[in-house]
Amino acid sequence: MHEELFSEVGEEGFRVAPGQMGENITTHGIDLLGLPVGTLLHIGDDAVVEVTGLRNPCRQIEEFQHGLLKQVVGRDEAGNIVRKAGIMSVVKEGGVVCPGDAIRAELPDGPHRPLDRV
């Protein structure tokens, strides 16, 4: 999940810290939602995860803070559903991951497929 989301929902009065919405890793400065399917995220020295799709937030987010679900799932001007609650991925290479580790995105060969709900 991207740390920038915490600031965004904070502007609406919600207080969310890393890990509180069930995410395993919090990023900063990476457009996670704009990555294509198949992007490899290299985390720290050894870990690699492959991006598979958009996280479909569940009611547990609403139970965590009433009204938060509407902040992370909405609609754009055209009426399309917009999911902002992070991405899903699968581990390709294990490794130790520590706070502050660098994350590098390696895009797949084109054509790129946009993320969709998984």
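View 1. Q65 is buried, at 16% relative accessible area (buried means under 20%, exposed over 50%, and partly exposed in between, using a 1.4 Å probe and protein chains only). It's a predicted model, so local features need pLDDT of at least 70 and side-chain atom pairs count only at pLDDT 80 or more, while totals for chains, interfaces and linings use all residues. Numbering starts from 1 along each chain as its sequence is written, and side-chain values use heavy atoms, with hydrogens and water left out. Q65 sits in the loop between helix 2 (59–64) and helix 3 (68–72); helices (H or I, at least four residues) and strands (E, at least two) are DSSP runs numbered from the N terminus. Setting aside neighbours within four places in sequence, Q65 is in contact with F14, R15 and V16, where contact means heavy atoms within 4.5 Å.

**View 2. I61 in helix 2.** Zoom in on I61, which has its place in helix 2.

**View 3. The K84–E8 salt bridge.** A search of the whole structure turns up two salt bridges, a salt bridge being a side-chain nitrogen of Lys or Arg within 4 Å of a carboxyl oxygen of Asp or Glu. In this view K84 pairs with E8, and the closest N and O atoms are 2.6 Å apart. The pair ties together distant parts of the chain: K84 is in the loop between strand 4 (81–83) and strand 5 (87–93), E8 is in helix 1 (residues 4–10), and they are 76 residues apart. E8 is partly exposed, at 34% relative accessible area.

**View 4. The E50–K92 salt bridge.** Here E50 forms a salt bridge with K92, with 3.4 Å between the closest N and O atoms. This pair also links distant parts of the chain, E50 in strand 2 (residues 47–54) and K92 in strand 5, 42 residues apart. E50 counts as partly exposed at 23% relative accessibility, and K92 is partly exposed too, at 47%.

**View 5. A cis peptide bond at G110 and P111.** The bond joining G110 and P111 is cis, with omega at about 0 degrees. For context, most peptide bonds are trans. P111 lies in the segment after strand 6 (103–106).

**View 6. Stepping back to the whole chain.** What order do the elements run in from the N terminus? They go α-β-β-α-α-β-β-β-β, which covers three helices and six strands. The C-alpha trace spans about 40 × 35 × 20 Å along its principal axes. Of the 118 residues, 33% count as buried. Among contacts with a separation of 6 or more, 69% come from residues 24 or more positions apart.
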